[in-house]
Amino acid sequence: MPNEIKLYGVIGEDIRAVEVKQQLDAMDQSQPLVVRIHSEGGAVPDGLAIYDAFQAYSGPKRAVIESAAFSIASYIAMAFDDVEITENGYLMIHNPHMEVAGDDLAHSQAADILGKLKTSMVSAYSRKTRKSEEEVLAIMAAESWVNAKEALAAGYVNKITAPKQMKASSRLKNMPHGIFKSLFGDCSDAGEKRVE
């Protein structure tokens with residue numbers, strides 16, 4: 001049984017870097033790790049720390065995007081060589097944001113911090129997708145919403161997870177073949193041939 005961590009919720013609130021690190025520290029890191037992501041994003045500092053923690057995991061590791069990896073959550077997924085996404089899953093990729101109050105110096109300092117954070121994020125997306133940094137900068141600036149097929153084509157993920165099919169019941173043998181196939185797939189051992 002592989003190690004598993006669920007990132008369900010807001011990064012920095014429901015999902016805190018310190019708790020993710022504690023979970024990882026308690027695991028046998030020679031075993032496979034599966035991380036399931038369904039998150040609208042959240043705090044960039046926690047996201048950076050979580051990304052680093054997963055990157056440092058020594059065993060085989062896989063991320064599964066279950067419907068949503070938005071903002072900093074999409075960045076976290078880039079820590080994995082093996083990334084899957086559900087058929088109705090989305091990534092959302094954009095520039096980091098920060099609310100700032102204060103004088104011109106405070107705003108200038110915030111702009112400098114945001115620039116450095118953006119550089120880190122561009123590097124991760126570029127490394128995963130093999131896109132140029134210029135391409136990634138344009139994608140982030142546009143606040144891009146990427147569906148599963150687009151994510152696979154662009155290299156953000158390696159695989160689209162097929163929906164689980166129900167197991168056929170012997171009571172359904174008289175169901176028209178077309179309907180049966182759409183529910184259960186092409187089951188060669190499901191009984192006699194059906195008429196469409």
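I take buried to mean under 20% relative accessible area, exposed over 50%, and partly exposed in between. The model I am reading is predicted.

**Entry 1: Arg62 and Glu84**

I looked up Arg62 to start. Its relative accessible area is 25%, so I log Arg62 as partly exposed. Its side chain meets that of Glu84 in a salt bridge, at 3.2 Å from N to O. I checked where the two partners sit. Arg62 belongs to strand 3 and Glu84 to strand 4 (residues 82-86), so this pair ties together parts that are 22 residues apart in sequence. Is Glu84 buried or exposed? I find 8% relative accessibility for Glu84, so I count Glu84 as buried.

**Entry 2: Glu66 and Arg36**

Next I looked at Glu66. The side chain of Glu66 forms a salt bridge with that of Arg36, with N to O at 3.0 Å. Which strands does this pair link? I place Glu66 in strand 3 (residues 61-70) and Arg36 in strand 2 (residues 33-42). The two are 30 residues apart, and I note them as a link between distant parts of the chain.

I then turned to Arg16 and Glu19. Their side chains meet in a salt bridge, again written as N to O, at 3.0 Å. Arg16 is partly exposed because its relative accessible area is 36%. Glu19 is partly exposed too, because its value is 31%. How many salt bridges does a search of the whole structure find? I get five.

**Entry 3: Ser74**

I moved to Ser74, which lies in helix 3 (residues 72-77). Its relative accessible area is 0%, so Ser74 goes down as buried. What does the side chain of Ser74 contact? I find a polar contact with the side chain of Tyr125, at 2.7 Å. I also listed what Ser74 touches, leaving out residues up to four places away in sequence. The list reads Ala69, Leu91, Met92, Ile93 and Tyr125.

**Entry 4: Met98 and its patch**

I looked for nonpolar side chains on the surface. Met98, Val100 and Ile113 form a nonpolar patch there. Together they have about 200 Å² of accessible area. Where is Met98? I find Met98 in the loop between strand 5 (90-93) and helix 4 (104-129). With 36% relative accessibility, Met98 counts as partly exposed, because that value lies between the 20% and 50% limits.

**Entry 5: the whole chain**

Last, I stepped back to the chain. I count seven helices and seven strands in its secondary structure. What pattern does the chain follow along the sequence? I read β-α-β-α-β-α-β-β-α-α-β-α-β-α. The chain has 196 residues, and 41% of them count as buried. I also checked contacts between residues at least 6 apart in sequence: 64% of these join residues at least 24 apart. The chain exposes about 11,300 Å². Carbon and sulfur atoms supply 50% of that area.

Methods. Residues numbered from 1 in each chain as written. Predicted model: local features only at pLDDT ≥ 70, side-chain atom pairs only at ≥ 80, totals over all residues. Heavy atoms only, no water. Patch = residues over 30% accessible without salt bridge, like charges linked within 9 Å, V, L, I, M, F, W, Y side chains within 5 Å. Areas by Shrake-Rupley, 256 points an atom, 1.4 Å probe, with all protein chains shown as cover. Salt bridge = Lys/Arg side-chain N within 4 Å of Asp/Glu carboxyl O. Helix = DSSP H or I, 4+ residues; strand = E, 2+ residues; numbered from the N terminus. Buried < 20%, exposed > 50% of the residue type's maximum accessible area, 1.4 Å probe, protein only. Contact = heavy atoms within 4.5 Å. Polar contact = N/O pair within 3.5 Å; in protein donor to acceptor, adjacent residues only side chain to side chain.
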